[in-house]
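Please read it alongside the sequence and the coordinates shown here.

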Amino acid sequence: MAKIKLTKNELKVQKDALKMYRRYLPTLTLKKQQLQSEIRTIEANANAVRKAKQELEKGFSDWIAVFSEKQAFPEGIITVSNIRKGKGNIAGVDIPTFEGAEFSRGDYDLYTTPLWVDMAANHMEKAISLDLEAEVLDEQVRLLEAELRATSQRVNLFEKVKIPETQENIKKISIYMADQQVSAVVRSKISKRKIALRNKETPEAEVYSL
């Protein structure tokens with residue numbers, strides 16, 4: 001704890017600081033709760049997207065079995081040419097949003113390539129798109145968790161350090177100033193008593209001579 005001045009001005013500084021901490025703490029606590037809620041929601045969305053991908057792949061299990069055969073599916077037929085991302089904001093945190101993906105397909109002979117290859121390529125594009133969406137959601141969680149850690153640290157700092165420390169400073173200064181006031185009153189009474197005693201002990205003749 002830093003050393004403080006036991007003065008009236010310092011008392012005002014400490015009271016103003018306490019007022020500020022108490023004003024901002026509810027806002028920080030609300031932000032912390034909002035971040036926690038948003039993180040849970042996004043994590044649930046990411047799980048739902050991954051589950052959708054799994055279900056999509058189950059529906060094409062026969063195709064996947066065919067893919068494992070050499071030369072069955074042209075290598076490099078699908079590449080991601082562009083990932084469209086937007087910008088969002090949650091609790092003051094800028095986050096990326098997934099808006100879709102664009103794919104390029106390699107050249108292959110339409111006459112010699114089986115018809116199912118086009119259907120399988122469409123399936124793969126959907127699966128890859130779901131993967132990319134899940135990755136963006138993971139990035140959102142990462143950014144929000146970083147902000148949550150910082151916000152939690154501020155909440156703990158205010159609750160466990162700054163507010164108790166400031167309250168203790170105010171108490172210390174107030175006690176000191178009260179003691180000073182009592183001491184001043186006592187000194188004043190002692191001075192008045194001494195003056196009264198001095199006047200009482202002065203001989204009348206001496207008083208008249210003056």
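Strand 1 and strand 2 pair in the antiparallel sense over 12 bridges, where pairing requires that DSSP finds at least two bridges between two strands. This is a predicted model, in which local features need pLDDT of at least 70 and side-chain atom pairs count only at pLDDT 80 or more, while totals for chains, interfaces and linings use all residues. Residues are numbered from 1 along each chain as its sequence is written, and side-chain values use heavy atoms, with hydrogens and water left out.

**Overall fold**
- The chain contains four helices and two strands, these elements being DSSP runs numbered from the N terminus (helices H or I, at least four residues; strands E, at least two).
- Along the sequence these elements follow the pattern α-α-β-β-α-α.
- Of the 210 residues, 27% count as buried (under 20% relative accessible area, with exposed meaning over 50% and partly exposed in between, for a 1.4 Å probe and protein chains only).

**Hairpin**
- Threonine 79 stands opposite serine 104 in strand 2.
- Alanine 91 lies in the loop between strand 1 (78-90) and strand 2 (93-105), and the hairpin has two residues between its strands.
- Although alanine 91 is not a glycine, its phi is positive, at about 55 degrees.
- Most residues other than glycine have a negative phi.
- Alanine 91 counts as buried because its relative accessibility is 18%.

**Helix 1**
- Helix 1 (residues 8-59) has 52 residues and should span 76 Å at 1.5 Å a residue, which agrees with the 77 Å between its end C-alpha atoms; the expected span is 1.5 Å times one less than the number of residues.
- At leucine 25 helix 1 bends by about 25 degrees, and proline 26 follows within four residues; the bend is the angle between axes fitted to the seven residues ending at a residue and the seven starting there.

- Leaving aside neighbours within four places in sequence, leucine 144 is in contact (heavy atoms within 4.5 Å) with residues including Leu35, Ile42, Ile90 and Val93.
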